[in-house]
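Subject: Structure for you to look at

Hello,

Here is the structure I promised. Please open it first, then read my notes below.

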Amino acid sequence: MPLLDNSNYARPKWLFSGHLETIYPSLFRKVVAPIPVKERISTTDGDFLDLDWYHQGKSKLVIISHGLEGNSTRAYMLGMVNSFLKKGYDVLTWNFRSCSNEMNKQVIFYHSGATYDLDLVVKHSYDAYEEINLVGFSLGGNLTLKYLGEKGNTLSKIHRGIGISVPLHLGSSSKKISETENTLYSKRFLRSLKKKVIEKSEAHPGQIPVDMLRNIKTLADFDDFFTGPLHGFADAEEYYEVNSSLYFLDQIKAPTLVLNAENDPFLSEKCFPKTLAKSLDQVYFEFPKHGGHVGFSPTNSEKPYYSEQRAVEFISAVI
């Protein structure tokens, strides 16, 4: 599919950098959404996933996946919920393992390529709907795109997919977020992740090398000592290479949009594969100059965020 290089996103003038575009909505955006119906489902390995349902009795469903250390209540999640509810969809948001304010049971957490959990969520809702669409933010975007590539044509009800602010290439994006200018973000993520490791080690004594936490300075370090080994990978490098959605894009069979801002402080150059875009059959790429990471604030506060507008347009459009 062609690279959609005619993006009409215009940022507010006062959000004049990718960092401001990233930080402002994360800290100050407030969204009021309907109260969801909560459901807990069991995984095959004896764990659980917490789901939030927004039922309207519709035949079409949108499943939304959050980002690193996010959850189903984040403003960007609820904003997307509201946009699709207004358009006449049922919506399902879900929390990755350890992200729903209750630690999960197993020694593993979640990770960028843990599509077995997304698959469980999709199949849990599959029979109740005529059409299912997938939306993912950041880490959840990588998860969504990898899943779409893995499944190919095997799930006929999967209609379309959206990945927003997606680290398509995990290794180089990990290096990007560890750069000095991104210290604020990486420290925030590490603080949350380290806290979970300590809590997890108390529930599973002897199974997690909690003493290694003092060696963790970057997210790559964390993935090297914890994320990779805990989930069956030798180290961070193997974890990144096996799970980068960039390598699954050519296997995607459902029309899919990747919306990545060129000034996203989290994304490396490999997350903007402009040459590859020309060779793919089902994946569209839109790379606005501005937007930040999971930003895309509107110039008019009465309007939806651009990411929500584009997701609704793409999933609802006749292509």
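Helix 2 is mostly covered: 11 of its 12 residues are buried. Buried means under 20% relative accessible area, exposed means over 50%, and partly exposed is in between (1.4 Å probe, protein chains only). Helices (H or I, at least four residues) and strands (E, at least two) are DSSP runs, numbered from the N terminus.

Before you go on, note that this is a predicted model: local features need pLDDT of at least 70, side-chain atom pairs count only at pLDDT 80 or more, and totals for chains, interfaces and linings use all residues. Residues are numbered from 1 along each chain as its sequence is written, and side-chain values use heavy atoms, with hydrogens and water left out.

**Helix 2**

Helix 2 covers residues 75–86. Its span from first C-alpha to last is 17 Å, close to the expected 16 Å. That expected span is 1.5 Å times one less than the number of residues. Among the buried residues are Tyr76, Met80 and Phe84. What covers the buried residues? The cover includes strand 3 (48–54), strand 5 (90–95) and helix 10 (306–316). After helix 2 comes Gly88, with a positive phi near 95 degrees.

**The second largest pocket**

Helix 2 also turns up here. It gives four residues to the lining of the second largest pocket, the largest share. Helix 1 (18–28) and helix 10 each supply at least two. A pocket is an open set of points on a 1 Å grid over the protein atoms alone, with protein on both sides within 12 Å along at least five of seven lines; lining residues have an atom within 4 Å of a point. This pocket has a volume of about 510 Å³. Volume is the space filled by probe spheres set on the points, which are joined across faces, edges and corners. The lining has 23 residues, and Arg29, Ser301, Lys303, Pro304 and Tyr305 lie nearest the centre.

**Thr144**

Thr144 sits in helix 4 (residues 139–151). Is Thr144 buried or exposed? Thr144 is buried, with a relative accessible area of 1%. A polar atom of its side chain lies 2.7 Å from the backbone oxygen of Gly140. Leaving aside neighbours within four places in sequence, Thr144 is in contact (heavy atoms within 4.5 Å) with residues including Ser65, Leu118 and Ile162.

Best wishes

Terms used
1 Å grid on protein atoms, 1.4 Å probe; cavity = no way out; pocket = protein on both sides within 12 Å on 5 of 7 lines; lining within 4 Å. Polar contact = N/O pair within 3.5 Å; in protein donor to acceptor, adjacent residues only side chain to side chain.
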